[in-house]
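Try each task before you read its solution.

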Amino acid sequence: MRIIKQKRLGLILLMVAGIGIATFFGLRAFNDNLMYFFSATDVIEGKAPKDHLFRLGGMVVKGSVVRQPSGLTVRFVLTDMAKEVTVEYTGILPDLFREGQGIVANGKLDANGIFIAQEVLAKHDENYMPPEVAGSMKNKPAESQK
Amino acid sequence: MFMRFIYKFSSPPYFYAISGKIIPWLTALFFLLLGYGLYGGLVTAPADYQQGDSFRIIYVHVPAAWMSMFIYVVMAISGGIGLVWRIKLAEIVSISSASIGASFTFLALVTGSLWGKPMWGAWWVWDARLTSELVLLFLYLGVIGLYNGIEDKRTASRAVAILALVGVVNIPIIHYSVEWWNTLHQGATVSKLDKPSMHIDMLIPLLVMALAFKVYYAIALLLRCRNELLEREPNGKWIDELLEKVK
């Protein structure tokens, strides 16, 4: 009786391990498709698709947001701390959009290498704190975004 | 020694008697924790520096998401124990967990969606974290559907245990999705080896709420298990004895 139970347990562990390995290789093969967005470095290196829509993620460079005098068009620079891409967007930005904030934009590159966004989503970080604490931390360098 | 305890505790009459005594205490504990957690989270915790008061949905969203994964692991492990040692109570714990887990997964998805719209600007995005959590919901629904589709409940329990064990591979994927891939969902705040990236006044109510949800799961699980036991062996001798006592 004991041997049967050990056998069953062995079979179950083998099954779970097998599925784990299969899933691991499956996910590795589709790694690029599972990325929600491309980084600025990917765009500069030409890894991002040229002819169709893709998502670009990064941090809005401080002092780079320029609003057109008329209309809703905004231009800003996105960075992944290594490379930078200029983004142009016409529309209403999410509340959390501000300089130094991580965002994800969906759009296309134009001929001049400017990213024309159709949609902008704000990405907030995993830090939660009261405003007073955040204020006292302002002088320290900002944490790098993933 | 340990196995002896397991076998004793898992005998239906013993389990039925013990669980009946525990439930009122757990219920009191649950309301205590829930009251403290909600008051701490909604009233005393300070507003977030970026998200203001909207961040308070975290006190439901995060504990629900944790529970959705925790219950799945409980369901798979007890299903596995049922497969190997053929303990009836383990099978019952496994299937009774499924619908509770599915509810928590649904709650996590809905609260996440309500949170996503004002903060990100979208109700739903197909990033790795959200998608894998949705897969978890489908796994739960698959387990429930498969169990109800097979007439003989012991056979059904075995089939369901296999499905639950196969799906366990999704749990590490959900947890690490925000590290392995670029996602719109932010990284882990509390469940990581590092120090939690949350102010202590906000963190304590969150942990209390997580504990309250755990206790709720224990209550719901015990109640469902008791029902399932009665349903599976309506003619059990121990039930007759129990009824005698009531009279």
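**Exercise 1. Find out how confident the predictor is in each chain.**

Step 1. Start with chain B: its mean pLDDT is 91, and 100% of its residues score at least 70. Here pLDDT is the predictor's confidence in each residue, from 0 to 100.

Step 2. Note the ground rules. This is a predicted model, in which local features need pLDDT of at least 70 and side-chain atom pairs count only at pLDDT 80 or more, while totals for chains, interfaces and linings use all residues. Residues are numbered from 1 along each chain as its sequence is written, and chains are lettered from A and ligands numbered from 1 in the order in which they are written.

Step 3. Turn to chain A, where the mean pLDDT is 83 and 92% of the residues reach 70 or more.

Step 4. Look inside chain A: among its elements, α1(A) has the highest mean pLDDT (91) and α4(A) the lowest (74). Helices (H or I, at least four residues) and strands (E, at least two) are DSSP runs, numbered from the N terminus.

Step 5. Finish with the model scores, which are ipTM 0.79 and pTM 0.88.

**Exercise 2. Describe the side of chain A that touches chain B.**

Step 1. Count the residues: 33 from chain A are in contact with 34 from chain B. Two residues are in contact if their C-beta atoms, placed from the backbone, lie within 7 Å.

Step 2. Name the elements of chain A that give two or more residues to this side: α1 (2–29), β6 (115–123) and α4 (131–136). The most come from α1(A), with nine residues.

Step 3. Sort this side of chain A by class: 21 residues are nonpolar, five polar and seven charged. Ala, Val, Leu, Ile, Met, Phe, Trp, Tyr, Cys and Pro count as nonpolar, Asp, Glu, Lys and Arg as charged, and the others, Gly among them, as polar.

**Exercise 3. Work out how α5(B) and α7(B) are arranged.**

Step 1. Take the geometry: helix α5 (residues 128–149) of chain B and helix α7 (residues 170–180) of chain B pack at about 160 degrees, with axes 8 Å apart. Axes are lines fitted to C-alpha atoms, for helices over the stretch in contact, and angles run from 0 to 180 degrees between N-to-C directions.

Step 2. Apply the cut-off: α5(B) and α7(B) are therefore roughly antiparallel (over 145 degrees).

Step 3. Find the partners: B:L136 and B:L139 are among the α5(B) residues that meet α7(B), whose residues there include B:I173 and B:V178.

Definitions and conventions. Angles under 35 degrees count as roughly parallel, over 145 as roughly antiparallel, 65 to 115 as roughly perpendicular and the rest as oblique.
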